[in-house]
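Opened a new notebook page for this one. I want to go through strands, surface and charged pairs.

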Amino acid sequence: MNLRNDAVITDARSTQGLYPKVFIASGNTLPAKTPDGKVVHVPHTDLLNTDGTPKAAKDIWSILTKAGVPRYAELVCFSDDPGEAASQLFILKLMGFPDIKVLVI
């Protein structure tokens, strides 16, 4: 089994992907402290149905495109609650994004 040891990071500057880094604020509100760089706000609840299952892929793509999330980027999810960021990481992985991390702040 290949486990990724770089999926959870504590320093946003500690990684360098092949593509530009984009931070996704995953909580319902933007955290008071945000990392330096491009930050987009996509609450993790926007990607879920009311029963907690992920929305249809076409709906998720629409939400991400509207928020300005590029298809090719090193995505770093963060929130005041790490569970929200982890939930979003899971959905983005299902959508096929190759380079996603959770920043614990």
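This is a predicted model: local features need pLDDT of at least 70, side-chain atom pairs count only at pLDDT 80 or more; totals for chains, interfaces and linings use all residues.

I started with Lys101, which is buried because its relative accessible area is 4%, below the 20% cut-off.

Next I looked up the partners of Lys101. One is Asp99, with the closest N and O atoms 2.4 Å apart. Asp99 also counts as buried, at 16% relative accessibility. The other one I noted is Glu74, where the closest N and O atoms are 3.3 Å apart. That pair ties together distant parts of the chain, with Glu74 in strand S4 and Lys101 in strand S5 (residues 100-103), 27 residues apart. Glu74 is buried too, at 1%.

How many salt bridges does the structure hold? I get four. Among them is Asp59 with Lys58, at 3.2 Å between the closest N and O atoms. Here Asp59 is partly exposed at 30%, and Lys58 is exposed at 63%.

Then the strands. S4 (residues 74-78) runs parallel to S2, joined by five bridges. S2 also pairs in the parallel sense with S3 (residues 38-41), over four bridges. I checked Ala25: it stands opposite Phe78 in S4 and opposite His41 in S3. Four of the five residues of S2 (residues 21-25) are buried, so I wrote this strand down as largely enclosed by the rest of the structure.

Last, the surface. Leu18, Tyr19 and Tyr72 make a nonpolar patch of about 390 Å². Leu18 sits in the loop between S1 (8-9) and S2, and is exposed at 81%.

How values were computed. Residues are numbered from 1 along each chain as its sequence is written. Side-chain values use heavy atoms; hydrogens and water are left out. Buried means under 20% relative accessible area, exposed over 50%, partly exposed in between (1.4 Å probe, protein chains only). Helices (H or I, at least four residues) and strands (E, at least two) are DSSP runs, numbered from the N terminus. Two strands pair if DSSP finds at least two bridges between them. Patches are made of residues with over 30% relative accessible area and no salt bridge: like charges are joined within 9 Å, nonpolar side chains (Val, Leu, Ile, Met, Phe, Trp, Tyr) within 5 Å. Accessible areas come from the Shrake-Rupley method with a 1.4 Å probe; for residues, only the protein chains shown count as cover. A salt bridge is a side-chain nitrogen of Lys or Arg within 4 Å of a carboxyl oxygen of Asp or Glu.
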